[in-house]
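Have the viewer open as you read.

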Amino acid sequence: MQFQDSDLLDSGFHASTDMHALWADLRENQPLYRAEPGGGREPFWVVTRHEDVSRVLRSHGEFSSRRGTILCVLDLNTADIASDNMMADTDPPRHREFREPLNKAFAPPVVATQEKLLRDLSRDLIQSALDADVYDIAHKTMMFPMAVTGTLMGLPPESWERLTELVMMTIAYDDPDYSTGNAQATVRQARHELFEYFQKEYAQRTREDVDPDVIGAMLAMDLSEGPMSQEQVLLNAFVLLIGANVTTPHALCTLMTLMAEHPEQFQAVRENPELRASCLQELLRWSSPVTALMRYAVKDVELHGRTIRAGEPVSAWIGAANRDERVFADPYTFDVTRRPNKHLAFGLGPHYCIGANLAKVGLEIFLDEILDLVETVEIAGEVRHVASHFVPGYKSMPVRFTPRKTQAR
């Protein structure tokens, strides 16, 4: 497939192009590709095979997260103020200082306390579509994870709508529905407003709070140098909000697309509950909610006969890895019975998604509810994707749901 190196950073190109054709070509012919996007932007390496993406994400001794993990519009060689102060921008052992206490905030017992909320949100979302002839469900899927994250972080409901907009400005800065000017200006405005918001939330909590929310839990954390600073709390609140709210909406919309395209497979899942676990894993492989993650070479690394020099940026394309023919039989076929399924939708290694358990439970509950309440799903209008090279999300998905005549519950 013909493309310009700059296309890899072009959000509009991602929104309008079948990236899988490009990735398949790179996997086969140039598994280690050096992109030179021009326009003053630094070159970066591209890896697309499952084995190589896994190595880049897992081997922190070769590839570091300290200089940032998102392939973004800003100069890749710009110093990262979050280095060693934000969980996403750390390497072990520093990474464990942030992660282990926060793991408790997303542990299964905590997630279990949110089951009623997740089920109520699922039913409300589905009922909204059932009550209408045609319903654009994309926006409501965005609010689904925001309600859960907002609850866990102790953020007031009246702020959720604006926080969702700011999240989208951060990862879809070229999309005309979220842009406020050029890309840099949009990202800076979103970050400024988010940090200002979290600063106000920070001021309302203390280390002595009983039953603290996630922000309160960070105030109570001790790092090797002492208690978390205000800057560290704000940085980590920021990254947790972004991570929790950019992926689940895409998976939910992908689920509805797949139900429309493969009704017989979902009927099999409805009739055979033992297929639900493998169905969810296949949904995650298929949707690959995060397109790519960044690392920087710690030392010279030989790969496919070429040398990645120390300090050079490397982009690991998760969406490409999850279609690798070397790992997945018939990778372009959606198969709810697929096993094994070694997808990388939640990453791998030290930075495996901290909210993976919450996301899985939310998707599992939503799948239960939609199979119980909805007989068929029809895509009833033009589907529009978010312009982003970080998340292949949806911003418009008109659907028509046919209710089930008999329900399990």
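## The second largest pocket

Nine nonpolar, 12 polar and three charged residues make up the lining of the second largest pocket. Here Ala, Val, Leu, Ile, Met, Phe, Trp, Tyr, Cys and Pro count as nonpolar, Asp, Glu, Lys and Arg as charged, and the others, Gly among them, as polar. This is a predicted model, where local features need pLDDT of at least 70 and side-chain atom pairs pLDDT 80 or more, while totals for chains, interfaces and linings use all residues. Residues are numbered from 1 along each chain as its sequence is written, and side-chain values use heavy atoms, without hydrogens and water.

Of the 24 lining residues, His20, His250, Trp286, His385 and Pro392 lie nearest the centre of this pocket. A pocket is an open set of points on a 1 Å grid over the protein atoms alone, where a 1.4 Å probe fits, with protein on both sides within 12 Å along at least five of seven lines; lining residues have an atom within 4 Å of a point. The space in it comes to about 580 Å³, taken as that filled by probe spheres set on the points.

## Helices around it

Helices H1 (11-16), H2 (19-29), H12 (248-261) and H14 (276-287) each give at least two residues to the lining. H12 provides the largest share, five residues. Helices (H or I, at least four residues) and strands (E, at least two) are DSSP runs, numbered from the N terminus.

## The sheet

Five strands form an open sheet in the order S1-S2-S10-S7-S3, with mixed pairing; strands pair if DSSP finds at least two bridges between them. S1 (32-35) and S3 (63-64) are the edge strands. S7 (residues 292-297) and S10 (residues 313-317) are antiparallel over five bridges, and Tyr296 stands opposite Pro313 in S10.
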